Amino acid sequence: MKKLNKIMLGSMAVLASVVVLSGCGKGKEEASGSKSDKVTLDMWLTPQWKGIFDDKEEGADYDSFFKEAAKRFEEKNPGVKINVQVIPGEQRADKLSVAVQTKQLPDMFFDSSFALSEYAHMGILAPLDDIVDDETKKDIPESIWENVQIKDKTYFYPFAHNPGTLSYNADMFKEAGLDKYIGGEHEIVNWSPEDLKTIAKTIKDKQKDVAPFGLFAKNNQGDTWNMSYLRMFGNEFFDKNGKIVVNEESGEKALKFIDDMRKDGLTTSGAESLSSNDVNAMFQNKQTAINFTNSVLFNGIQKDMESGKVEKFDMRLANIPGEKKPVSFTYVTSSVVFDSGDSERVKAAKDFVKFYSTDKELVKASKNALPVRDSVAKEFENEMPYLKAYTENSENIINFSNNTPGYVELRNVFFPELQAVYTNDKSAKEALDSFAENGNRIIEENKKKSLLLNK
């Protein structure tokens with residue numbers, strides 16, 4: 001997961017007010033010289049994939065797709081010029097913070113929707129519902145729309161997504177006699193929490209040098225999985241009003257379940273000092289049997305196996321176990337349009353976003369991650385063997401961040417509570433009560449600052 005921002009939330013409302021009143025982007029004359037000149041738009045993106053449709057294309061780079069889309073759009077719209085710039089993920093927060101303060105925001109940004117949600121709450125994103133047609137609404141699953149909407153308005157135009165699940169070493173399962181828990185080669189298998197414990201105990205008994213389940217809590221990286229584990233017994237994490245309720249009985253039961261596995265030696269030891277990168281490396285080195293993964297990580301390990309960087313093994317997919325329903329989530333890569341206060345620029349930016357997000361050929365580039373569109377997924381099912389399973393699994397996808405104001409801060413108060421549990425300094429109940437208290441305070445403070453929620 002990309003490292004998220006350190007936005008100056010304390011001054012968010014003031015900054016946003018200035019932006020809204022004076023225009024958050026370059027003025028029309030500054031950008032285009034005069035009304036007779038072209039409308040020049042700036043698009044920023046974090047690195048997502050190389051090439052237009054394939055990373056094997058000559059000269060493939062992270063800006064290739066959007067430069068090609070801009071070329072095609074400009075041919076149809078000669079009055080518009082589009083500049084494309086790649087922003088390293090770790091620089092996104094600082095670049096946008098400066099851009100907000102100097103009123104030099106780009107017209108568009110392409111990134112994971114949850115990484116950009118704070119800007120919606122700042123009131124500087126333009127709603128995109130006017131460019132979402134009925135065909136698009138029907139072609140993209142409801143679970144994806146839930147991830148890109150706030151207060152029933154669409155602020156992030158979905159293009160592709162990166163689902164999070166578990167992966168497991170099926171060779172280890174076979175060696176331990178756990179064949180009945182192995183799904184098909186290109187399936188996402190479902191286990192119950194008790195299945196997970198049975199699998200872990202059996203592997204521990206049969207394979208002494210293997211940590212059955214990869215557990216980590218060193219920092220906020222990979223915390224989407226840690227938060228999702230707390231939903232295993234039906235906890236929703238957030239209630240309908242956006243309040244944290246993970247400290248209810250079902251959430252406590254889930255954390256105690258995971259912690260009991262740790263105490264029984266069924267997880268990686270010293271989880272409080274292990275990062276997600278540490279645990280991912282252990283899985284690749286056959287030191288763990290079950291690991292966290294997403295589609296990009298999973299494909300990356302497969303490529304490393306093919307190239308010889310990683311010793312081959314039978315790697316398969318599983319959902320995060322659920323007592324009643326399996327749990328999965330996804331990172332939706334989307335486009336946003338900043339509200340510059342210039343209706344001509346905003347319209348041109350929206351037109352461009354709609355163009356590459358709906359064009360029958362350009363949307364095929366979403367296969368570089370996973371397509372959000374059912375029509376594209378169906379077209380590439382034979383080429384991408386896991387795609388059908390991911391598509392069918394969309395009904396299990398949750399909106400993990402709830403597009404909550406202050407979500408970045410929530411992440412930073414969450415992992416220390418896990419560490420306290422894994423070092424036996426707090427019980428599951430004490431840790432979750434503390435997180436809920438601090439988390440709900442953060443949410444309330446940021447709700448008050450959110451121009452979006454206080455319109």
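Predicted model: local features only at pLDDT ≥ 70, side-chain atom pairs only at ≥ 80, totals over all residues.
Reader: What makes the pair H12 and H13 count as parallel, antiparallel, perpendicular or oblique?

Author: Let's start with the value. Helix H12 covers residues 276-284 and helix H13 covers residues 295-307, and they pack at an angle of about 40°. Roughly parallel would need an angle under 35 degrees, and roughly perpendicular runs from 65 to 115.

Reader: Which residues of H12 and H13 make the contact?

Author: From H12 come Asn 280, Phe 283 and Gln 284, and from H13 come Leu 297, Ile 301 and Asp 304. By class, three of these residues are nonpolar, two are polar and one is charged.

Reader: What is the orientation of H17 and H18, and how do you know?

Author: The axes of helix H17 (residues 407-422) and helix H18 (residues 428-449) cross at roughly 170°. Angles over 145 degrees count as roughly antiparallel, so that is the label for H17 and H18. The axes come within 9 Å. On the H17 side the contact includes Leu 410, Val 413 and Phe 414, and on the H18 side it includes Ala 431, Phe 435 and Ile 442. The contact of H17 with H18 divides into nine nonpolar, four polar and two charged residues.

Reader: Why does Ile 290 count as buried?

Author: The cut-off is simple: buried means under 20% relative accessible area. Ile 290 has a value of 0%, so Ile 290 is buried.

Reader: Where does Ile 290 lie?

Author: Ile 290 is part of strand S9. That strand spans residues 288-294 and is mostly covered, with seven of its seven residues buried.

Reader: What makes Phe 213 and Tyr 168 partners of a residue in S9?

Author: They are joined to S9 by bridges. Tyr 168 has Ile 290 as its bridge partner in S9, and Phe 213 also has Ile 290 as its bridge partner there.

Reader: How do you know that S9 pairs with S6 and with S8?

Author: Pairing takes at least two bridges between the strands. Strand S6 (residues 157-169) and S9 are antiparallel and share five bridges, so the pair passes. Strand S8 (residues 211-213) and S9 run parallel and are joined by two bridges, so this pair passes as well.

Reader: Which residues touch Ile 290 once its neighbours within four places in sequence are left aside?

Author: Among them are Leu 166, Tyr 168, Phe 173, Trp 191, Phe 213 and Phe 283. Phe 283 also belongs to the H12 side of the contact with H13.

Reader: Which way do the residues of S10 point?

Author: In strand S10 (residues 315-318), Met 315 and Leu 317 point one way, Arg 316 and Ala 318 point the other way, and all are buried. In a regular strand, side chains alternate between the two faces of the sheet.

Reader: How do you know that S10 pairs with S6 and with S7?

Author: Count bridges again, with at least two needed. S6 and S10 run antiparallel and are joined by four bridges. Strand S7 (residues 188-189) and S10 run parallel, with two bridges. Leu 317 in S10 has Ser 167 opposite, and Ile 188 stands opposite Leu 317 too.

Reader: What makes the phi of Phe 237 worth a look?

Author: Phi of Phe 237 is near 70°, which is a positive value in a residue other than glycine. Phe 237 sits in the loop between helix H10 (223-229) and helix H11 (249-263). At 1% relative accessibility, under the 20% cut-off, Phe 237 counts as buried. Lys 151 has a positive phi too, near 50°, and is found in the loop between strand S4 (149-150) and strand S5 (153-154).

Notes:
Residues numbered from 1 in each chain as written. Heavy atoms only, no water. Axes fitted to C-alpha atoms, helices over the stretch in contact; angles between N-to-C directions. Contact = heavy atoms within 4.5 Å. Nonpolar A, V, L, I, M, F, W, Y, C, P; charged D, E, K, R; others polar. Buried < 20%, exposed > 50% of the residue type's maximum accessible area, 1.4 Å probe, protein only.
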